[in-house]
Amino acid sequence: MLIGQCMGAGKPEEVRMYKKHILKLDFIITFINAIIFFIVLRPVMSLFGVSDAVKDTAVNILTLYAICSVFFYPTSFAVAGALRGTGDTKFVMIVSISSMFIFRIGAAYFFAKGLNMGIMGTWLAMVSDWVIRSLIFHIRFKRGRWAQNRVI
């Protein structure tokens, strides 16, 4: 909402400042969540009556998720939100849908079946989606074309 208000007021420099602050806050919150996640992960897993192999697999998947979310989730989603706030919604939608189909679905199949990684490959594909989105949205924001958009 702040981004859209700054755009409507014709203040692209404030957009950059708020995006930076929002992203920083998102990194901090995601990091704190990951720490809490690691503290409760094993105790929560012990509540389920599943085999040790299933618990180990779940812990591996959730560890991958927690670590990668700290580095890539904020940039892949907070920067996208900032771009949407600037009126660059069509670009964000196209990248998000394309990335989801190519990486979350296509790469998941490739990693899981083609490279025989199983369920871990599916989660690795999700992380690859975050990485690609992060790069694309960061480049898009950095180029600054969004500053020419009109937001009412």
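Helix 3 packs 34 residues into a reach of 46 Å from its first C-alpha to its last, close to the 50 Å expected at 1.5 Å a residue; that expected span is 1.5 Å times one less than the number of residues. This is a predicted model, where local features need pLDDT of at least 70 and side-chain atom pairs count only at pLDDT 80 or more, while totals for chains, interfaces and linings use all residues. Residues are numbered from 1 along each chain as its sequence is written, and side-chain values use heavy atoms, with hydrogens and water left out.

**Overall layout**
- The chain has five helices and zero strands, with helices (H or I, at least four residues) and strands (E, at least two) taken as DSSP runs numbered from the N terminus.
- Reading from the N terminus, the elements go α-α-α-α-α.
- Along the principal axes, the C-alpha atoms fill a box of roughly 60 × 35 × 20 Å.

**Helix 3 up close**
- Helix 3 has a kink of about 60° centred on Ser69, the bend being the angle between axes fitted to the seven residues ending there and the seven starting there.
- After helix 3 comes Gly87, with a positive phi near 95°.

**Helix 2 with helix 3**
- Helix 2 (residues 12–45) packs on helix 3 at an angle of about 170°, with the axes 9 Å apart; axes are lines fitted to C-alpha atoms, for helices over the stretch in contact, and angles run from 0 to 180 degrees between N-to-C directions.

**Helix 3 with helix 4**
- The axes of helix 3 (residues 52–85) and helix 4 (residues 89–114) come within 8 Å and cross at roughly 150°, so these two are roughly antiparallel as well.
- On the helix 3 side, Phe77, Ala80, Leu83 and Arg84 meet Thr89, Val92 and Arg104 of helix 4, contact meaning heavy atoms within 4.5 Å.
- By class, that is four nonpolar, one polar and two charged residues.

**Helix 4 with helix 5**
- Helix 4 and helix 5 (residues 119–143) have axes that come within 8 Å and cross at roughly 150°, which means helix 4 is roughly antiparallel to helix 5.
- Their contact has 16 nonpolar, five polar and four charged residues.

Notes. Parallel < 35°, antiparallel > 145°, perpendicular 65-115°, else oblique. Nonpolar A, V, L, I, M, F, W, Y, C, P; charged D, E, K, R; others polar.
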